[in-house]
Amino acid sequence: APRLTNVTDADLTEQFNLAIQVRDKTSEANEAVIAIRELKKQINDRSSKAKQQKITEAGEAVSRKLSEIEEEIYQVRNRSNQDPLNFPIKLNNQIGALRRSIETGDGKPTSQSYVVFKELSERLAIQLKRLEDAINVDLEAFNRVLIENKLDPVRKQAKNQ
């Protein structure tokens, strides 16, 4: 590899630090998707055990809300190699693409990288807030209905703080 004469240690440190921050955002996005899928699985399980239309409908409403959030974070429709052309890339893909672009170059991240990182972080934060509200409000209400009907409530995942 050619010697990089104009790249300082500080530049490489900055590159590394931004790449790590981006990686952490990728993890947050992926953990949210995993949590959503686990919650939907439990909601579905409780509804099928209850066999009551009221509970099924309440569960479906919560699941729909969770799915909307999931679809903002993750492109759930990609199935084959052709699909990405038909479906827009979502937050976790965009964050991954940013990470690759930061790690590809040798040197200080471009100012554009920081702008994109800030924007993607803000967009992810909006979805994570929506998820928190869905868990604290909608899922909580669904759990009350389950408890009234002597059914186990849906376990909320412990958030990694």
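1. Helices (H or I, at least four residues) and strands (E, at least two) are DSSP runs, numbered from the N terminus. On that basis, R155 lies in the segment after α5 (111–148).

2. This is a predicted model, in which local features need pLDDT of at least 70 and side-chain atom pairs count only at pLDDT 80 or more, while totals for chains, interfaces and linings use all residues. Residues are numbered from 1 along each chain as its sequence is written, and side-chain values use heavy atoms, with hydrogens and water left out.

3. R155 has 55% relative accessibility and therefore counts as exposed (exposed means over 50% relative accessible area, buried under 20%, partly exposed in between, with a 1.4 Å probe and protein chains only). Leaving aside neighbours within four places in sequence, R155 is in contact with E38, L39, Q42 and R46 (contact means heavy atoms within 4.5 Å). The C-alpha atoms of R155 and I43 are 9.6 Å apart, although 112 residues separate the two along the chain.

4. K150 is also placed in the segment after α5. Its phi is near 60°, a positive value in a residue other than glycine. With 77% relative accessibility, K150 counts as exposed.

5. K51 sits in the loop between α1 (9–50) and α2 (53–73). The phi of K51 is positive, near 50°, and this residue is not glycine. K51 is counted as exposed because its relative accessibility is 70%.
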